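Take a look at the model below. Two places in the fold deserve a walk-through.

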Amino acid sequence: MKIEKNKVVVLSYDLAVEGKIIDRMTEEHPLDYIQGCHMLLPRFEEELEGKEEGETFSFILQPEEGYGKYDDSLRFDIPRTSFSVEGKIREDLLVPGNVIPMLNGAGEVCRAKVVEVKDDAVNVDFNHPMAGNTLAFTGKILSVRDATDKELLEGLHGEFLPREGCGKCGHHGGGCHHGDGGCGHHGEGEGCCHHGEGGEGCHHGDGECGCGGDGECGGGCGDNGCHCGHEES
């Protein structure tokens with residue numbers, strides 16, 4: 001059976017960047033997905049289209065085919081006060097290298113990496129962690145089968161179902177995507193071919209960005225820039 005739209009594909013792969021393996025899905029712990037449901041990078045799926053069980057693959061994705069080129073405009077300062085919850089700044093979040101879920105003006109989650117903590121501001125980077133990288137994939141197709149009606153509606157792992165506390169409609173109109181916009185298999189950090197938004201839509205000065213998604217800092221989009229929810233009234 002060949003890989004085509006609405007087929008469930010199970011595969012193993014290695015991902016190398018500049019000759020170094022940075023991600024691996026093994027035959028014991030493979031990647032599975034439904035072809036054509038936009039859960040993986042479009043070019044990744046295109047490279048696998050038409051392949052059959054048992055075939056191997058090897059291909060390279062340029063930055064613009066993967067997670068895009070690095071965009072300097074997606075790195076900027078946000079006031080420290082933007083990271084307040086109930087009147088207190090979440091100092092535990094403000095650690096260089098920490099990745100904080102933020103909400104843009106459309107209510108979509110994008111990830112902000114803390115680069116530098118200053119006296120009055122925090123320098124954050126909304127670029128996808130893999131932005132600017134050339135991705136070299138090698139792997140093997142382990143199995144191909146038809147997706148069931150239930151899987152097409154709900155996803156292989158329920159990723160198309162509505163999620164509690166999420167008001168954004170997602171794939172197939174079935175509720176919220178189970179994904180954090182970052183690098184991961186079904187949004188859970190188990191692979192680097194997941195199709196996420198990265199920092200798209202998070203721009204300096206739009207006044208419509210809020211801190212959210214970590215279970216505590218989950219609030220609203222205000223008029224004064226990015227801020228955490230649950231502010232004191």
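What follows covers a glutamine in a loop and then a group of aromatic rings.

The model is predicted. Start at Gln-35. This residue sits in the loop that runs between strand S3 (31–34) and helix H1 (42–48). Is Gln-35 buried or exposed? Its relative accessible area is 2%. The cut-off for buried is under 20%, so Gln-35 counts as buried.

Now look at its surroundings. The Gln-35 side chain makes a polar contact with the side chain of Glu-49, at 2.8 Å.

Turn to the aromatic rings. A pair of aromatic rings is described by the distance of the centres and the angle of the planes. The count here is 7 aromatic pairs. One of them joins Tyr-13 and Phe-137 edge-to-face, with 5.5 Å centre to centre and 70 degrees between the planes. This pair links distant parts of the chain. Tyr-13 lies in strand S1 (residues 7–17) and Phe-137 in strand S11 (residues 135–146), 124 residues apart. Both Tyr-13 and Phe-137 are buried.

Phe-137 also pairs with Phe-59. That pair is tilted: 5.5 Å centre to centre, 35 degrees between the planes. Phe-59 belongs to strand S4 (residues 56–61), 78 residues from Phe-137 in strand S11. Phe-59 is buried, as is Phe-137.

Which residues make up the aromatic cluster? Tyr-13, Phe-44, Phe-57, Phe-59 and Phe-137 form one cluster.

Definitions and conventions:
Residues are numbered from 1 along each chain as its sequence is written. This is a predicted model: local features need pLDDT of at least 70, side-chain atom pairs count only at pLDDT 80 or more; totals for chains, interfaces and linings use all residues. Side-chain values use heavy atoms; hydrogens and water are left out. Helices (H or I, at least four residues) and strands (E, at least two) are DSSP runs, numbered from the N terminus. Buried means under 20% relative accessible area, exposed over 50%, partly exposed in between (1.4 Å probe, protein chains only). A polar contact is a pair of N or O atoms within 3.5 Å; within protein, one must be able to donate a hydrogen and the other to accept it, and residues adjacent in sequence count only if both atoms are side-chain atoms. Rings of Phe, Tyr and Trp (its six-membered ring) pair if their centres lie within 6.5 Å; planes under 30 degrees apart count as stacked, over 60 as edge-to-face and the rest as tilted.
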